[in-house]
Amino acid sequence: MTGEKPEPLLSPADMRRAHVQKLALCHILEGIADDLPSRVDRLQCLAVAADLLPLLRECHRFEEEVVFPTFARRTGEEDTVARLKLEHLEDESAAADLGEALLAYGHGRPIENPEAFGYMLRAFFESMRRHIAFEHDHVLPEVLGDQ
């Protein structure tokens, strides 16, 4: 996590890179959840908070503008694309809330309810992992073909 703007995604093959980046973020979030309540690195929370929403927005923009139209054209799965887009909205909303909580803790505010914060972290990264797994197993093969 660098706090820098995510590298733009340009081709369907870049979706693999996006998945790697999002899974790395999930791993960091899981580490934060595991370290609650007393061993959480405040600087790491600030870095994750800075990267979280920009990374998701870039990945979602790319998927919705490049990947999903190709997937829908090749499969006719417009309902699946609509569901994936809805998941993007839900993920971005959860990421905004999570980012605020990470920033607050990173800036020195105590974690009032470690159990609730842990649940918030786990709900987010588990949902993200499920979404990525679906895209990896069903969307990528259709979009990339034999690549």
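I looked up the second largest pocket and found its lining to be E100, A101, A104, Y105, R109, P110, I111, E112, N113, F117 and M120. By pocket I mean, on a 1 Å grid over the protein atoms alone, an open set of points with protein on both sides within 12 Å along at least five of seven lines, a lining residue having an atom within 4 Å of a point. I note that this is a predicted model, in which local features need pLDDT of at least 70 and side-chain atom pairs count only at pLDDT 80 or more, while totals for chains, interfaces and linings use all residues. Residues are numbered from 1 along each chain as its sequence is written, and side-chain values use heavy atoms, with hydrogens and water left out.

α3 (78–106) gives the most to this lining, with four residues.

I then followed α4 (residues 114–144), whose 31 residues reach 42 Å from first C-alpha to last, close to the 45 Å expected at 1.5 Å a residue, the expected span being 1.5 Å times one less than the number of residues. After α4 comes G145, with a positive phi near 60 degrees.

Last, I searched for disulfides (pairs of cysteine sulfur atoms within 2.5 Å) and found zero. C26 counts as buried at 1% relative accessibility, and C59 counts as buried at 0%, where buried means under 20% relative accessible area with a 1.4 Å probe and protein chains only.

Methods: Helix = DSSP H or I, 4+ residues; strand = E, 2+ residues; numbered from the N terminus. Buried < 20%, exposed > 50% of the residue type's maximum accessible area, 1.4 Å probe, protein only. 1 Å grid on protein atoms, 1.4 Å probe; cavity = no way out; pocket = protein on both sides within 12 Å on 5 of 7 lines; lining within 4 Å.
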